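Here is a short briefing on one chain. Please look over the sequence and the model before reading on.

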Amino acid sequence: MSSLFQVLKDLVGWFFGVCFIVLSLGLFFNGSIVGGIASLLFGFGITPLRSKLMLPSKVSFAVLACLFLISCGAVAKVGSETETEKSTAQSGAEVVQNTENVLQTESVVTQAEVEEPETVSEKTDFEETEQRETESKQEQEPKPPVDLPEEQAEKEEVDAELQVHFIDVGQGDATLVISGEHAMLIDAGDDSKGTKVQLYLKNQGVEKLDYLVLTHTDADHIGGADVIVSKFDIANVFIGDFPKDNTVYRDLMQALKTNGLTYSMPKAGNTYALGDAFFTTVAPNREYDNANNSSIGLLLQNGENGFLFTGDAEEEAEQDILTAGFDIDCDVLKAGHHGSRTSNSKALLSAATPAYAVISCEANNSYGHPHAEVLNNLRAMNVQVFRTDEQGSVVAVSDGKQITWNCAPSESWIPGEPTGSMQEDSDEENNVTEGNVTEENVADENDEEEQETDSGQASDLSAGGNYAVNDRNGKIHIVGECTATGTGDKAMINPVYFATYEEAEAYSIQIKPDMDKRRCGNCYK
Ligand SMILES: [Zn+2]
Ligand SMILES: [Zn+2]
């Protein structure tokens, strides 16, 4: 009987002894040395081995009881500390008071140092004496580990790079936006620039587009889009829809159909993700009777950096963006309508408060873009201006906090408007507007990227032609004969100039096939 009892007693002793020895390892691992030692001795003490080494049983019982209590205390402390670590950002000072915990904190230090080398504690308790300062550094540096994941998440968000390429497409717009693996193209230049834009995208490693945004249906924005639609995988096509009865528009519709794509006009106020960036549509806010005002406007945001695009929206549509209550505060404004005075109203500029503006237009363009008023207003607001007519393709890179550029801002402040009489000049862009020049012909002949123009000297006047066709109604005017071709209030908004009457008539027929009186009554009396 007694031997059976002895065996049971030994077994129980071994069992709990081993339990406590294992527990001691756990305590050591958690940095609790005293608790670990107590637990180890207690574990050892209750195994049958003890009897051979230990003191009289009365003393040993008291010692064991003490060891047991210390072990339990240590276990309780370690347990509660782990809780605290998880739930609160406990102040370093409190933690430091406990010897055992210093060890614990130090193990956190190494962890924190690896992940957050630049962290400097704000505590001032120890800063009074130099000695202590150095001494305390070790103890202060650890920030509660709880904060690390959050901070890192923030960091990653902020570090995400956004590239915005304002591609030089002569007179027109094409902007490539890249965020990581994601890309968006806003407009595609005119009919002659499709291939150029395609190659530009290819050089940037773009193979598919998350979004193709065609702000509106004017030829200088959608002309090259048929090429883009056939060469890239496109997930979403947005068009500021204002259907037109011309070749360029029909080509685009055909290309979409051929490639099995449909398009939509997003509602103002929608938000879309583009990699780590996102954009919100701010226009159009209603229906308009012209293509420019129907432009899709969008505010692209990457971290703290904002880029505003308004297509060719004119003052009326700009005002509607403000009335709708959109916050359009931004860092970079893609100047509306190629820097035209019909857009970029003071109201819009003061709501947007851009630090930078980018003007996309061609040197010596027939519209006189950018207009002097716009340049003056931007200059008065200390906005730094970049221009594709002077600088070729302009690239902005945002890290979420700061924006860097591939070139210095333009300092010329030279408007594209004629300051004297129109000169006879049949420049190519007029032919281009006709829309019957093929991609292959023009792609080579036209400007290369590095086209550095000295044509900042735009003072030699842009050159319209002798005849101007109103892009909206097809009427043919003789330049200089009527107010429609001037720069005053009665001036037409979208004139297209031609050197010869035949060319003007051909274009007019293209946009308005049926019209009785093609010639303006004022000019042809
Ligand atoms: Zn335009
Ligand atoms: Zn337009």
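Does Ile 509 count as buried, exposed or partly exposed, and how many C-beta neighbours does it have inside 10 Å? Ile 509 counts as partly exposed, because it has 14 C-beta neighbours inside 10 Å, whereas a buried residue needs 20 or more and an exposed one has 12 or fewer. The model is predicted, so confidence comes up below.

**Ile 509 in context**
- Ile 509 sits in helix 19, which spans residues 501–511.
- Ile 509 and Lys 475 are 34 residues apart in sequence. In space, their C-alpha atoms are 9.6 Å apart.

**The chain as a whole**
- The chain has 19 helices and 17 strands.
- Of its 525 residues, 42% are buried.
- Take the contacts with a separation of 6 or more: 70% of them join residues 24 or more positions apart.

**Confidence**
- Mean pLDDT for the chain is 76. A value of 70 or more is reached by 68% of the residues.
- The pLDDT is below 50 over residues 82–157. Beyond near neighbours in sequence, that stretch has 56 contacts in the model.
- Residues 420–464 also have a pLDDT under 50. The model gives this stretch 89 contacts beyond four places in sequence.

- An open sheet is built from 7 strands, in the order 6-7-8-9-10-11-12. Its pairing is mixed.
- Strand 6 (271–274) and strand 12 are at the edges. Each has a single partner strand, so one side of each is left without a neighbour in the sheet.
- On average, neighbouring strands of this sheet are turned by 20° against each other, direction ignored.

- Strand 9 (residues 305–309) pairs with strand 10 in the parallel sense, over 3 bridges. Phe 309 stands opposite Lys 334 in strand 10.
- Leu 333 stands opposite Ala 357 in strand 11.
- From strand 10, the chain passes through helix 14 (residues 346–352) to reach strand 11. This β-α-β crossover is right-handed.
- Strand 11 and strand 12 (residues 384–387) run parallel and are joined by 4 bridges. Ile 359 stands opposite Arg 387 in strand 12.
- The chain goes from strand 11 to strand 12 through helix 15 (residues 372–380). That β-α-β crossover is right-handed.

**Strand 11: covered on both faces**
- Strand 11 covers residues 356–359, and both its faces are covered.
- On one side, Tyr 356 and Val 358 are buried. On the other, Ala 357 and Ile 359 are buried.

**Helix 13: where the buried residues point**
- Helix 13 covers residues 315–323. Its buried residues are Ala 317, Glu 318, Asp 320 and Ile 321.
- Why do these buried residues line one face of helix 13? Seen down the helix axis, they fall within an arc of 155°, so they line one face.
- An α-helix has 3.6 residues a turn, so residues three or four places apart point the same way.
- Strand 7 (277–283), strand 8 (297–302) and helix 14 are among the elements that cover the buried residues of helix 13.
- Just after helix 13, Gly 325 takes a positive phi of about 90°.

Technical notes: Residues numbered from 1 in each chain as written. Chains lettered and ligands numbered in written order. Predicted model: local features only at pLDDT ≥ 70, side-chain atom pairs only at ≥ 80, totals over all residues. Helix = DSSP H or I, 4+ residues; strand = E, 2+ residues; numbered from the N terminus. Contact = placed C-beta atoms within 7 Å. Pairing = 2+ DSSP bridges. Right-handed = clockwise from strand over helix to strand, strands pointing away. pLDDT = per-residue confidence, 0-100. Arc of directions from axis to C-beta. Axes fitted to C-alpha atoms, helices over the stretch in contact; angles between N-to-C directions.
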